[in-house]
Amino acid sequence: RWRAERYPSLGHVMAFLFGKLADRKKTDAPSPDITEPPSPPPPKPKPPPPGTLLTHEDRLDLLVSDISSRAPPRLAEAILKAAPVLTPVAVVLIKVLNVVGPVYIRLFSLIYAFLAALPYDLFQAAMGLGLCFFGGGYCASIAAAEAFYMTGWSTTRQQLQHIYEEAVAMSEAQTKDDAKDEDGDGIADVNQIPTSELLERKVRVAAGAVRDPQRLSAALGGLYVGWLSVQGVLRVQFAKTINLALSCSQFVEYYVCKLLLPLVAPLLSTEFRAWLPVGIKTGTKALFVYFAWKLQEVVSAAQSGLRGGLLFSRGVCAWLNRRGHKSFLGLSLEPDKTYLDEAVGYVLAALGFYVQWQFGFGIPFPFSLVMLPLDAVEWYVRWSVTSDGANGA
């Protein structure tokens, strides 16, 4: 009896083991899925009925619907939420570009035709006048143009000429395509098809208009290689500007972080506080880069004023000499025999620097609207030179 109580029988052992296995199976059983089912994908956009004239708003709505129907569910949901805000902005930008773009093209075409029709001496004088009054604000662009000229302008000019010819051919093909009305309903076909089909059609028209794709590809590649060489020249030329900005920012970053971190950190969530020192240092560096370029504008304004004044005076004197005018009020107009060109050039340089100083080395309104494309080129050149220098540092 004692042994029977002390040592359980085989039946008790088997019952115990099977009970544990049954409890384990119940424990390992998969839990029911309580996650929410994925949201169904947005419906695909319906094509507009034939003969419908599509506006910019209709095109953008169709484009958003098309992109959201092909995107993952979460991305599609984000696109649909942002569409009511982005669509009106895009419509305004498209309308502005449709109005301003042709005006800029026509304006710069007239300026180019006027300068091309001038004799070389008067062209030199016109360039000098521009340097006198606008040279400081466009120091990087002028330096880039000079670098292009020094690093093989003849080859670059041929490449630009070929790109221009192909661009004109594509523009003419696009104009002809815009006027097509194959269904004969009185509305151009490009104003009836959805945005995705319109983009595909325009790409096909542009590809078919290119007469020599290999030559165009070689021209674009050569232009890009030339731009890389120009960037190298500009980095050497503006190395002092970049180093001034970076060295000053390195001295001040510690104190700026020490001052701003206690003030800004409580305003941010925990996830973004680790990025706060990086943001403060980047902002400090950007501020000193801006000030360094402003100092460079002052130096370039003085230099371009002197250079432009002499170009103007000597260009005008050379043009007058070619027309038989050798003197004026008893003063010789021949640059090798007179100091009149230096006197006029230096006075014009001082006047040009004063005008640039008064306008903050920029273009006054409304002339700033005319120079807006050149301003974009100037800021791109500065960014391309400064960003690589900052990353290297």
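This is a predicted model: local features need pLDDT of at least 70, side-chain atom pairs count only at pLDDT 80 or more; totals for chains, interfaces and linings use all residues.
**Exercise 1. Get an overview of the fold.**
Find how many helices and strands the protein has, and what share of its residues counts as buried.

*Solution.* 
Step 1: Start with the secondary structure, which comes to 15 helices and two strands.
Step 2: Turn to burial: 28% of the 393 residues of the protein count as buried.

**Exercise 2. Describe the largest pocket.**
Work out the volume of the largest pocket, which residues are the closest to its centre, and which helix gives the most to its lining.

*Solution.* 
Step 1: The volume of the largest pocket is about 3200 Å³. Its lining has 48 residues, and Tyr-112, Leu-115, Phe-123, Met-127 and Ala-145 are the closest to the centre.
Step 2: Go through the helices. At least two lining residues come from each of helix 4 (73–117), helix 5 (120–134), helix 6 (139–150), helix 7 (153–178), helix 9 (213–237), helix 12 (276–322), helix 14 and helix 15 (372–392).
Step 3: Pick out the main contributor: helix 4 gives the most, with nine residues.
Step 4: Sort the lining of the largest pocket by class, and you get 38 nonpolar, seven polar and three charged residues.

**Exercise 3. Follow Phe-361 into a cavity.**
Where is Phe-361 placed, is Phe-361 buried or exposed, and which residues line the largest cavity?

*Solution.* 
Step 1: Locate Phe-361 in the loop between helix 13 (340–358) and helix 14 (367–370).
Step 2: Check the backbone. Phi of Phe-361 is near 55 degrees, a positive value in a residue that is not glycine.
Step 3: Apply the cut-off for burial, which is under 20% relative accessible area. Phe-361 has 12% relative accessibility, so Phe-361 counts as buried.
Step 4: Count the cavities of 30 Å³ or more: there is one. The largest cavity holds about 30 Å³ of space.
Step 5: List its lining, in which Phe-361 is joined by Phe-133, Phe-134, Gly-137, Tyr-138, Gln-356, Gly-362 and Ile-363. By class, this lining has five nonpolar and three polar residues, with no charged ones.

**Exercise 4. Check the cysteines.**
How many disulfides does the structure hold, and is Cys-257 buried or exposed?

*Solution.* 
Step 1: Recall that a disulfide is a covalent bond between the sulfur atoms of two cysteines.
Step 2: The structure holds zero disulfides.
Step 3: Cys-257 counts as buried because its relative accessibility is 9%. Cys-317, with a relative accessible area of 7%, is also buried.

Technical notes
Residues are numbered from 1 along each chain as its sequence is written. Side-chain values use heavy atoms; hydrogens and water are left out. Helices (H or I, at least four residues) and strands (E, at least two) are DSSP runs, numbered from the N terminus. Buried means under 20% relative accessible area, exposed over 50%, partly exposed in between (1.4 Å probe, protein chains only). A disulfide is a pair of cysteine sulfur atoms within 2.5 Å. On a 1 Å grid over the protein atoms alone, a cavity is a set of points where a 1.4 Å probe fits but cannot get out, and a pocket is an open set with protein on both sides within 12 Å along at least five of seven lines; lining residues have an atom within 4 Å of a point. Grid points are joined across faces, edges and corners, and a volume is the space filled by probe spheres set on the points. Ala, Val, Leu, Ile, Met, Phe, Trp, Tyr, Cys and Pro count as nonpolar, Asp, Glu, Lys and Arg as charged, and the others, Gly among them, as polar.
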